[in-house]
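The following explanation accompanies a structural model and is intended to be read alongside it. Please keep the coordinates open while reading.

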Number of protein chains: 2
Amino acid sequence: MRAAILATAGSHVAEHGAAALSLRAVARDLGMVSSALYRYFPGRDDLITALIIQAYDSLGAHTEVAVDATLGFPAAQRWVEAALAIREWATTQPHAYALLYGTPVPGYAAPDDTVAPGTRVSRALVRIVRDASADDLLEPPSATMVSDGTAESFVWLRGELDVDVADETLLAILLAWTQLFGLLTFELFGQTRNFVHDDALLFRDAAETMAAGMGLAR
Amino acid sequence: MRAAILATAGSHVAEHGAAALSLRAVARDLGMVSSALYRYFPGRDDLITALIIQAYDSLGAHTEVAVDATLGFPAAQRWVEAALAIREWATTQPHAYALLYGTPVPGYAAPDDTVAPGTRVSRALVRIVRDASADDLLEPPSATMVSDGTAESFVWLRGELDVDVADETLLAILLAWTQLFGLLTFELFGQTRNFVHDDALLFRDAAETMAAGMGLAR
DNA sequence: AAGTTGAGAGAGCATCGCTCTTGTTTGTGA
DNA sequence: TCACAAACAAGAGCGATGCTCTCTCAACTT
């Protein structure tokens with residue numbers, strides 16, 4: 001039953017966005033009455049939380065597949081493929097992407113349950129760098145500027161992500177990460193429409209540049 | 001009257017976010033009845049549009065001040081200052097930032113009125129590069145990868161932004177632009193909380209790196 | 001003084017999330 | 001087999017929401 005509710009709620013989100021998700025509409029679709037849903041979900045927020053986790057896992061798995069499928073490829077190419085996979089996932093289900101990376105739902109604080117699934121994508125991306133580092137195919141980036149304070153916080157982050165790379169590389173990873181999702185968010189939310197004609201093309205160039213910025217071998 | 005409505009609506013957004021903006025609540029604050037507001041705004045969407053334009057103009061002006069105030073400074077420093085100004089604006093009014101760069105309000109399509117004010121920030125940032133280019137203080141970036149297709153679309157963009165720079169620089173500008181707002185969005189929407197301890201510090205390092213990536217002289 | 005205009009008030013419609021009570025179904029232990 | 005408890009769904013209702021419609025009333029114009 002929970003699964004059925006989640007499924008129709010998911011398709012509602014896919015169609016109209018999470019903010020427009022209505023418990024009553026979901027219930028109607030299931031041939032039930034809205035109050036019946038409260039037996040399975042304490043409230044609308046919990047339904048949304050479940051949907052968020054579902055979406056994070058979907059995106060995470062999708063990314064992991066792309067990363068795994070390119071094992072042995074040049075690191076730069078792996079990064080580009082992974083980036084394209086993420087973009088593909090996002091553009092085919094923009095509302096789910098907005099649910100994850102858009103404005104947090106008002107009055108809603110994402111509980112800690114969403115944290116672990118949320119880091120899955122990032123960890124998959126980091127694996128590319130880790131593999132490249134293990135194979136000694138990682139050039140130290142030149143353009144990054146790591147301050148002392150940032151370097152300090154990197155001690156913890158290096159352990160958290162399990163990548164034994166230089167501070168400059170770690171910063172480059174963070175920047176590529178925000179770059180990737182920043183560009184995607186801009187595209188999906190319409191910010192690029194005034195400046196960019198072909199988003200797909202720009203995205204690929206951007207991904208290539210990120211790979212170079214991190215020092216991934218081509 | 002329109003101004004009074006906009007003012008209290010703006011403070012409501014600042015407090016609870018745009019999605020939670022209620023016409024009735026705004027009317028209550030003004031000692032009126034909700035239906036009275038419809039004399040001044042055709043509907044909720046139009047009120048939001050007005051607020052968006054207001055916010056874009058506020059952020060645009062704020063950025064322009066920062067860019068103008070650093071005239072004559074090294075280009076890299078100007079960029080960092082402008083970036084910090086944008087971050088300051090965003091962190092002091094996160095809901096307004098979310099209104100501009102977050103998930104578009106469901107069922108709401110931003111009308112063309114918002115386009116011009118929306119590009120103000122970007123144009124202010126571009127001015128830094130244009131000035132550097134005019135003073136011949138712009139090194140061609142090495143890390144960017146411009147494909148043929150992207151290069152083609154840059155012909156138009158170069159005219160639109162009025163910057164006569166190399167393709168590689170133009171791409172670097174676009175990337176820095178999305179990088180800047182991508183990082184900010186991640187910070188404000190809570191995506192960095194699992195990886196980053198000090199967002200302000202990272203942001204500064206990121207801004208420095210962007211400046212280097214665009215070839216801005218230090 | 002009469003007519004016109006604009007602004008606000010009020011009632012009402014459909015919808016929302018959520019709660020509480022009531023009725024029904026189902027499964028299980030004696 | 002029977003009885004009881006737990007699970008489930010329905011329905012009414014509360015306080016909200018955006019929005020429409022009609023009505024009143026004051027001010028301004030002619």
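Predicted model: local features only at pLDDT ≥ 70, side-chain atom pairs only at ≥ 80, totals over all residues.

Where is the place of Asp136(B) in chain B? Asp136(B) lies in the loop between α8 (120–134) and α9 (148–161) of chain B, where helices (H or I, at least four residues) and strands (E, at least two) are DSSP runs, numbered from the N terminus. Although Asp136(B) is not a glycine, its phi is positive, at about 60°. Asp136(B) is exposed, with 7 other C-beta atoms within 10 Å.

Residues are numbered from 1 along each chain as its sequence is written, and chains are lettered from A and ligands numbered from 1 in the order in which they are written.

Asp162(B), found in the loop between α9 and α10 (167–188) of chain B, is not a glycine but has a positive phi of about 60°. Asp162(B) is exposed, with 10 other C-beta atoms within 10 Å. Glu15(B) belongs to helix α1 (residues 2–16) of chain B and is exposed, with 10 other C-beta atoms within 10 Å. The C-alpha atoms of Glu15(B) and Val115(B) are separated by 25 Å, and these residues are 100 residues apart along the chain.

The overall fold can be followed in chain A. Its secondary structure comprises 11 helices and zero strands. The C-alpha trace of chain A spans about 60 × 40 × 35 Å along its principal axes. Of its 218 residues, 48% count as buried. Among contacts in chain A between residues at least 6 apart in sequence, 75% join residues at least 24 apart; two residues are in contact if their C-beta atoms, placed from the backbone, lie within 7 Å.

One helix pair illustrates the packing. Two packed helices are described by the angle between their axes and the distance between the axes. Helix α4 (residues 44–69) of chain A packs with α6(A) at an angle of about 110°, the axes being 10 Å apart. Here axes are lines fitted to C-alpha atoms, for helices over the stretch in contact, and angles run from 0 to 180 degrees between N-to-C directions. The two helices, α4(A) and α6(A), are therefore roughly perpendicular to each other, given that angles under 35 degrees count as roughly parallel, over 145 as roughly antiparallel, 65 to 115 as roughly perpendicular and the rest as oblique. From α4(A) the contact draws on Leu51(A), Ile52(A), Ala55(A), Tyr56(A) and Leu59(A), and from α6(A) on Ala96(A), Leu99(A) and Leu100(A). By class, these are eight nonpolar, no polar and no charged residues; Ala, Val, Leu, Ile, Met, Phe, Trp, Tyr, Cys and Pro count as nonpolar, Asp, Glu, Lys and Arg as charged, and the others, Gly among them, as polar.

The contact between the chains takes 49 residues from chain A and 49 residues from chain B. On the chain A side, α6 (94–101), α9 (148–161), α10 (167–188) and α11 (199–214) each supply at least two residues, and α10(A) gives the most, with 10 residues. That side divides into 24 nonpolar, 21 polar and four charged residues.

The DNA strands remain to be described. DNA strand C is surrounded by 17 residues, of which Ser22(A), Ser35(A), Gly43(A), Arg44(A) and Ser35(B) are the closest; a residue is near a molecule or strand if its C-beta atom, placed from the backbone, lies within 6 Å of it. The surface near DNA strand C receives the most from α2(A), with three residues. Arg44(A) is placed in helix α4 of chain A and is partly exposed, with 17 other C-beta atoms within 10 Å. Around DNA strand D there are 16 residues, and Ser35(A), Arg24(B), Ser35(B), Gly43(B) and Arg44(B) come nearest. For the surface near DNA strand D, α2(B) gives the most, with three residues.

Definitions and conventions: Buried ≥ 20, exposed ≤ 12 C-beta atoms within 10 Å, placed from the backbone.
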